Amino acid sequence: MFAPADGAEAIDFNRDIRPILSDHCFQCHGPDSQTRQADLRLDTFAGATEDLGGYAALVPGDVDSSELLRRINADDEPMPPVDAKIPLSDQQKELLRSWILSGGEFDQHWSFRPLQRPRIPQVAQPTRNPIDAFVAEKLEAAGLPFSPEASPQTLIRRVTLDLTGLPPTPGEVDQFVAAYERTPELAWERLVERLIASPRYGETMALPWLDAARFADTDGYQYDGPRYQWRYRDWVIDAYNRNLPFDQFTIEQLAGDLIPGADLSQHVATAFNRNHRYNSEAGLVVEEFLLENAVDRVDTTSTLWMGLTVGCARCHDHKFDPITQQDYYSLIAFFNSVPESGRAIKSGNSEPVMLAPDARQQTRWESMRQAVSDARAALRPTSTKPAEGVLIDRGIAHHFPLDSLPESQAAARGKATFEEDALQLDGASSLELTGLKKSVTFRANQPFTVSFWIRPDDSQDGIILSRQNPGTTRPGIEVALVDGGKVRFDLITRWRAGVGRVTSEHGLPTGTWSHVTLTNDGSQSANGQKIYINGQPVVTVVDDNTNSNTGGVKPDRPLIVGAGIRPGSRSLRGALRDLRIYSVALWSDEIEVLGAPADSEIRTRFARIKPTPPYERYVDLRLQLQAYEESLPTVMVMREAEAPKPTYVRRRGVYNDLGDRVQRSVPAMLPPMDESLPRNRLGLARWLVSPEHPLTARVAVNRYWQKYFGAGLVKTPEDFGTQSEAPSHPELLDWLAVTFIESGWNIAEMQKLIVGSRTYRQQSQVTPRHRVADPQNRLLSRAPRLRLSGQAIRDQALYVSGLLCEQVGGPSVSPYQPDGLWAEMSMGMKYKPSTGADLYRRSLYTIWKRTVAPPVMSVFDAADRESCQVRREQTNTPLQALTLLNETGFVESARHLAARMLRQRDPLQYGFRSLTARQPDAEELAVLRKAWQDYRDHFESRPEQAAELIAVGQSPVCDDLPATEVAAMTSVANLLLNLDEVITRE
């Protein structure tokens, strides 16, 4: 701060001057070099004072020589131009004049300054912890006191809703009030400890994080197909419940896979950066959407940890913050070396994917794997002569020896002959096999195996076999020799948009018999297509990996041996024998036997092991293990490619307009990465949580503050840059940030600190004085009244009714929603309502379809989960009241709450206290009694309506109580659930 010459109030550059320059000048004279006009830069002191040819925009202390001041006051061509959307006010012009007169000093933007622990101010008002001292300092400067402390009943309801998302029971209220009257601080401390120790705490803390992490159960975009990421949601809940420090919480989500010796949980955590939307449209350009995926990761990471709108630098240098386009793509470089295809599969998880069992499943899985290992070790060959027959017969669909023309459903084309027990092909002939089973339609999502012996005559290209539909899309399979005898395995769902293509790194020898086995694991990924030569897996190159659909061949299409339907393709020159097709993906030990010569020791030994009971047990156990693994949940995770992908600046943000190549680095205006940190996501994550980073802790504690006060100390949690709103209490923000770091990034302790303050425990009543001196409560002169989220409103109704199922974790569930909603607004996904307890799970677990978000939550302004959102919007609409009064779940909750009330000595008192935590006053009680009597009269004369009302929902009717009594009290309970006080956190 510095005082102007006339002795007026001290001018603060960040508070008073930077907002003027940012709003009115930076668009043309700011950080963006591409749009900067007149070679004038006003966002730095050097730029503002630069000699522009005998004059400068800013001459410190000299208002007459400062061109900036002359231009803003000019009648002819003033700046900003006369057509500017936001003209300068006279007050702003005077501020600029006073600033220049007093020296025209610049100051680093407040959020980019290094963190330092501020001095705790001395204040007159009593405080409970240092938070209150910082707040009281501002209040006293404005002549305001703290509001009185809220009643114990209000406090327990407030903090219970804040920390668990559910209200306290009447019994919990009574117990706390009695304890609070004796030892208030001890009672409060024990209450907060109990709430944070509850599994409900992790669920409640997880909700805003999942909004920001854009967690959903579908991919988004046009098709918006299903995905299964719920194990990530479980990880977040568990992380909060075990109080994982925020630095580790950060590192595991951004780079858990890169932690040396990473465990399953740390891999699952990286699903954070796979939660983005993912396009499965056939017509997309893969490179474009690989970039879109990386863009989302960078934008989300930057918003959540740094509070920066770095996405503004995608197409050009940031117009307001010192972030260049090169900075932006240097961040992209950390996130674009993921081995992903660029096109999502239409139904399911897209690679990289991993199995993600929970603890119980993990134990069983390990036990089953050990049993298979033990059974394999117990295999011994028998001395009995082996029986004749197909050696590997598990899942075999067809076996064509090719030693002669099959007796039926086969036709030789051209000069195909059978000599030396093999099919001989001259490059112009083939064999067509028809009548294949439906189990071998070669769909991308179905496992299969194809094996054969082959002897190429030369190294020319040639199709070995194919089975495809005719036309330009050619769905099906093609296996060919290419590029000097390399084996190429194509699994096509729609040429050219959907192709899985893998090619062996080395070619087959000519004039020699080799055994080839091809397997597909049914994952719709080219990485699940394997090539084995002579029984051993070979290194392959993935050329295409875009099978978002499943494809499949028509049943009447032939399997063509030696030729195909690809335009311009060549037929095979060579010989084939022993062609086998399996409807399963064979195991590697089976393939090793298949690929061994007939007289080899491997085959002889296996032939004597196969008929033994231990082998039957081994196969049975392995099939059980395979079936169990197929039932386990999976999760999309981050994984680093073997070699970093080159990254380039994209001119104008266009995916294929490449500029300069960039390396992995962080924005130059922030502290550099320490030399000891690896230049990968792990290094980036550790840089973000280094004590020197000025943003991460500030951004995190600001969101925690927002959780309890409705608005952060910085009102723009998504933007801590120069366009942000300045913090209402900058010293408090910094004190909280430093305290957070010094606590070991202890999340639970930060919550305790905030809710333990006098500031948090104030009354929420707004007085006339407040309306004048602190209308927006930015001075924190009172507690805020906050409308509950849609999730909390629904959960509260389920809880007080006794319907809530409190199972923690697990797959998403499908509660009530209007019939046909998905059918109207999606492409094929059908909504299947849950049954039983799953109908009554917490709203955190409700299935989230991006294009059709859960209607109850949407009505109450839930985040859309399309992108990162760190601030909850709030509206008040008639539709919200209609939802609370009529939606099936709320009516069903009301009737069960009614049954609970009727079983109490004083039903109305019980219902009111269950929802508000306080006793109704005489006037409120009179209104409720009159309503109850009116509803009784109504339903006694209309018993059919009573019967209809008490049967709403799938839960059983309370048949031990009179129907008209239950219906009348249901209407009263419905009224209670709609009270403003009930859907508001006081």
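**Cavities inside the model**

The lining of the second largest cavity draws at least two residues from each of α14 (286–306), α15 (325–335) and α20 (681–688). Helices here are DSSP runs of H or I with at least four residues, numbered from the N terminus. The model is predicted, so that local features need pLDDT of at least 70 and side-chain atom pairs count only at pLDDT 80 or more, while totals for chains, interfaces and linings use all residues. Residues are numbered from 1 along each chain as its sequence is written, and side-chain values use heavy atoms, without hydrogens and water.

A cavity is a set of points, on a 1 Å grid over the protein atoms alone, where a 1.4 Å probe fits but cannot get out; its lining residues have an atom within 4 Å of a point. Grid points are joined across faces, edges and corners, and a volume is the space filled by probe spheres set on the points. By this rule there are 6 cavities of 30 Å³ or more.

The second largest cavity holds about 60 Å³ of space. Helix α14 provides the largest share of its lining, 4 residues. Among the lining residues are V298, F335 and W687. The lining has 7 nonpolar residues (Ala, Val, Leu, Ile, Met, Phe, Trp, Tyr, Cys and Pro), 2 polar ones and no charged ones (Asp, Glu, Lys and Arg), the others, Gly among them, counting as polar.

The largest cavity has a volume of about 90 Å³. Helix α27 (residues 855–859) gives the most to its lining, with 3 residues. The lining includes R794, Y816, P855 and E887. By class, it has 8 nonpolar, 2 polar and 2 charged residues.

Note on methods
1 Å grid on protein atoms, 1.4 Å probe; cavity = no way out; pocket = protein on both sides within 12 Å on 5 of 7 lines; lining within 4 Å.
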